[in-house]
Amino acid sequence: VKKFILIAYILLISIGVNAQARISSETTHGFFMSGDLGYSALLHNIQGYPASAGLNTNIGMGYRLFHDNFLFSTGLEAAYQFNANRLDNMDFQLPMRDTEGQLFQMHVLVNESQDFTHMVNLNLPILFGGEWGRVYFLIGPKIAINVYGAASSSAVYTTYGEYDEYYDDFHNMPNHQFESNRKMSSGTLPMDWNMNILAHVEIGGRVGHYYKYKIFRINPDKVHMYLSAYVDFGVLNLRTNRAGEPIFDYKETADKGLQFYIQPLMISSVSDNAVIRNLNIGIKYTICFPMKPSGKSFIYDWWKAGRDYRKSGGNQAFKYQ
């Protein structure tokens with residue numbers, strides 16, 4: 001009998017807990033706006049060149065669902081990524097023949113290189129997670145569609161001639177095209193990036209205290225603000241299969257002699273068949289506007305409670321809607 005009473009008591013408690021869970025179950029729909037800024041890297045396997053460092057920023061808006069502790073978020077983001085590629089100084093040797101028919105080596109020293117890439121994507125995040133009190137997390141994929149890409153490169157070059165029969169090299173002779181500190185630039189060139197899927201992880205919490213918003217006459221229960229840290233890692237290869245031009249090249253012209261050219265690293269032949277992925281780490285700020293629940297319910301009237309409002313009959317900290 002005692003065992004039966006104990007089992008029945010446990011069952012009653014379980015039913016009561018479940019009933020309470022159902023009664024207190026909360027589902028909230030809302031819209032949000034977000035912005036973030038962080039460090040960005042292009043990770044690649046191009047031999048002799050380090051990973052590219054830069055910045056990444058996103059501006060987004062979308063829909064958020066909160067059910068008990070479950071959290072779902074989706075929307076649309078406009079993302080911009082900027083990266084700088086580090087190029088070491090280069091020394092090219094070109095076998096040449098001068099106007100008198102003598103063979104010599106023309107050295108082309110390339111330094112002070114600046115190489116940049118730009119990427120603008122539209123991201124569709126599909127994120128799942130949870131929220132407990134003020135702490136939350138989201139995880140899931142982001143589908144990234146590239147809408148703009150560009151690359152540019154510039155450098156300073158110096159040329160001089162090396163003859164086997166002469167002890168000294170020939171410098172600063174413009175009539176022989178031995179010149180110092182001349183600028184060359186590729187200009188801004190279009191660049192195609194592949195579609196990408198970003199693995200997204202976001203961990204943060206709700207920030208701010210309710211009383212801070214009273215001066216704006218905004219109900220703090222209707223505005224939630226979050227600050228979080230996030231990581232985006234690109235799963236797919238960003239580099240297209242299009243063959244590139246040599247990173248450095250020249251051609252002889254009839255009127256201007258030798259003309260030197262430089263190509264951006266990511267669209268040059270150096271990066272042919274390379275695997276390029278992006279990694280973004282940063283801070284995200286989100287403002288969420290939960291929608292008013294349908295039907296009538298009693299809610300906490302923070303404005304009246306904050307002014308210590310009292311009226312005969314009933315608790316005026318609650319209002320009927």
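A charge is taken to sit over a ring if NZ of Lys or CZ of Arg is within 6 Å of the ring centre and within 35 degrees of the ring normal. The model is predicted, so local features need pLDDT of at least 70 and side-chain atom pairs count only at pLDDT 80 or more, while totals for chains, interfaces and linings use all residues. Residues are numbered from 1 along each chain as its sequence is written, and side-chain values use heavy atoms, with hydrogens and water left out.

**View 1. Arg-64 over two rings.** Arg-64 lies over the face of Phe-32, 5.4 Å from the ring centre. Arg-64 also lies over the face of Tyr-136, at 5.6 Å from the ring centre.

**View 2. Aromatic pairs.** Rings of Phe, Tyr and Trp (its six-membered ring) pair if their centres lie within 6.5 Å; planes under 30 degrees apart count as stacked, over 60 as edge-to-face and the rest as tilted. There are 11 aromatic pairs in the structure. Tyr-136 and Tyr-226 make an edge-to-face pair, because their ring centres are 5.1 Å apart and their planes stand at 70°. This pair links distant parts of the chain, 90 residues apart: Tyr-136 is in strand E6 (residues 135–162) and Tyr-226 in strand E9 (residues 224–234). Strands (E, at least two residues) are DSSP runs, numbered from the N terminus. Tyr-136 is buried at 1% relative accessibility, and Tyr-226 is buried at 2% (buried means under 20% relative accessible area, with a 1.4 Å probe and protein chains only).

**View 3. Phe-248 and Phe-260.** The ring centres of Phe-248 and Phe-260 are 5.8 Å apart with planes at 15°, so the pair is stacked. Phe-248 lies in strand E10 (residues 248–253) and Phe-260 in strand E11, so the pair ties together parts 12 residues apart in sequence. Both residues are buried. One aromatic cluster is formed by Phe-92, Tyr-157, Phe-248, Tyr-250 and Phe-260.

**View 4. The largest cavity.** On a 1 Å grid over the protein atoms alone, a cavity is a set of points where a 1.4 Å probe fits but cannot get out; lining residues have an atom within 4 Å of a point. Three cavities of 30 Å³ or more are found in the whole structure. The largest has a volume of about 70 Å³, a volume being the space filled by probe spheres set on the points, which are joined across faces, edges and corners. Its lining includes Asn-56, Tyr-80, Met-119 and Asp-232. Strand E2 (52–67), strand E3 (70–85), E5 and strand E12 (276–290) each give two or more residues to this lining.

Technical notes: Helices (H or I, at least four residues) and strands (E, at least two) are DSSP runs, numbered from the N terminus. Buried means under 20% relative accessible area, exposed over 50%, partly exposed in between (1.4 Å probe, protein chains only). On a 1 Å grid over the protein atoms alone, a cavity is a set of points where a 1.4 Å probe fits but cannot get out, and a pocket is an open set with protein on both sides within 12 Å along at least five of seven lines; lining residues have an atom within 4 Å of a point.
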